[in-house]
Amino acid sequence: MLRALLLSLTTALAAMATAQNLVSNPSFEDTTHCVGWPPPQVEALHWYTANTATPDIWNCDLANPCGYHVMDPDDADIQAKGYKYAHDGDRFAGGFHWYGQGGASAREYLTTKLLEPLQAGTWYRVSMWCARPSGVNGAIDHIGVHFGPDSIHAPFPTTLPLIPQARLRDPDNAYLVDTSWVQIVDTIVASGGEQWLIFGTFEDEDAVDGIWLGWGGYPPTVYYYVDLVSVEPVQPSFLPEASPLRTVLAANGIQILWTGVADLDHLAVFDAAGRMVWQVPRPGGQRLFAVPDGLPAGVYLARVRVDSAAFVVRFVK
């Protein structure tokens, strides 16, 4: 029995590790022309701006300085903004997300067409690597990702009136404050037919959950570097009905219980739309968790991570 369980788990992990990333040019490496305007469509193949603002494509390859923005460590302005080498390859993207409460309403978005439409009822893991430039004195709690059936190019540079299905957060911090590359992740359930993604900040300036870091000018300006964007289907073996080790994780509308031997690395709860609504980034030796009273009645999924494995269980509140 134990051999069968381990084999099933190994197969599930291998399938998840080889899942296809549905994002074209996910690290912004492929270019169309080595010119700088208009960004990003001439600097990163398959990527476009979703409004009239101008997100950036950064190139760290000084031997082949293709594009408008070159990440030169000897440039004083680059050092003041926050020098960073790409997480994957030699290129990455960047954009403005917030100018503080009462500040400007401009937003920079990047959009691309997926390699294939999302399938109804399928779970997808949405992720990207994010870093705050050291010269940026503010931070927000998440980066949103909206999925839709068609492309969007709004004739204005301000907030897009869209609701993101995914909200990507730092598993270890309430805000995206880290100047090192950090992978931020969320999981969604597709309605079906979504072919385009747009990422950025979709809340109006006064509705953004953001902070000033206590230095420099106020209100703060929030800008992020982004690399290796990914949308991957989650294998059915990771859904609660098919998980061979699901008995180590149990939940009801009041409590979540972990009975495994190893300590948890992370606990997250998702609503029926696949949005993360609650998390415990570092549970450590904790085994019993109270479901927050503030969650409305409905169907939820609790997911825990232990080393390289993930376990999920569905519950009703």
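Residues are numbered from 1 along each chain as its sequence is written, and side-chain values use heavy atoms, with hydrogens and water left out. As the model is a prediction, local features need pLDDT of at least 70 and side-chain atom pairs count only at pLDDT 80 or more, whereas totals for chains, interfaces and linings use all residues.

The protein contains 2 helices and 20 strands, taken as DSSP runs numbered from the N terminus (helices: H or I, at least four residues; strands: E, at least two). Of its 317 residues, 47% are buried, where buried means under 20% relative accessible area, exposed over 50% and partly exposed in between (1.4 Å probe, protein chains only). The accessible surface comes to about 13,900 Å², and carbon and sulfur atoms hold 56% of that area; areas were computed by the Shrake-Rupley method with a 1.4 Å probe, and for residues only the protein chains shown count as cover. Among contacts (heavy atoms within 4.5 Å) with a separation of 6 or more, 74% join residues 24 or more positions apart.

Confidence is given by pLDDT, the predictor's score for each residue from 0 to 100. The protein averages 86, and 87% of the residues score at least 70. Two stretches deserve a friendly word of caution. Over residues 1-17 pLDDT stays under 50, and the model has 14 contacts beyond four places in sequence for this stretch. Residues 236-246 also stay under 50, with 27 such contacts.

Side chains of opposite charge can pair when their charged atoms come close. The structure holds 3 salt bridges, each defined as a side-chain nitrogen of Lys or Arg within 4 Å of a carboxyl oxygen of Asp or Glu. In one of them, arginine 169 meets aspartate 141 at 2.9 Å, N to O. Arginine 169 sits in the loop between β9 (166-168) and β10 (182-189) and aspartate 141 in the loop between β7 (138-140) and β8 (143-148), 28 residues apart. Aspartate 141 is buried, at 9% relative accessibility.

Aspartate 172 pairs with arginine 282, their closest N and O atoms lying 3.4 Å apart. Aspartate 172 belongs to the loop between β9 and β10 and arginine 282 to the loop between β17 (276-280) and β18 (288-290), so this bridge ties together parts 110 residues apart in sequence. Aspartate 172 is partly exposed at 39%, while arginine 282 is exposed at 64%.

Arginine 287 and aspartate 263 form a salt bridge with a closest N to O distance of 3.0 Å. The pair ties together parts 24 residues apart, because arginine 287 lies in the loop between β17 and β18 and aspartate 263 in the loop between β15 (255-258) and β16 (266-270). Arginine 287 is partly exposed at 25%, as is aspartate 263 at 43%.

Glutamate 108, in the loop between β4 (91-98) and β5 (110-113), is buried yet has no salt bridge; the nearest side chain of opposite charge is that of lysine 81, 8.1 Å away. A polar atom of the glutamate 108 side chain does lie 3.0 Å from the backbone nitrogen of phenylalanine 96. Beyond four places in sequence, glutamate 108 touches residues including Ala53, Thr54, Pro55, Phe199 and Tyr223.

Conventions:
Lys and Arg count as positive and Asp and Glu as negative; His and the chain ends are not counted. A polar contact is a pair of N or O atoms within 3.5 Å; within protein, one must be able to donate a hydrogen and the other to accept it, and residues adjacent in sequence count only if both atoms are side-chain atoms.
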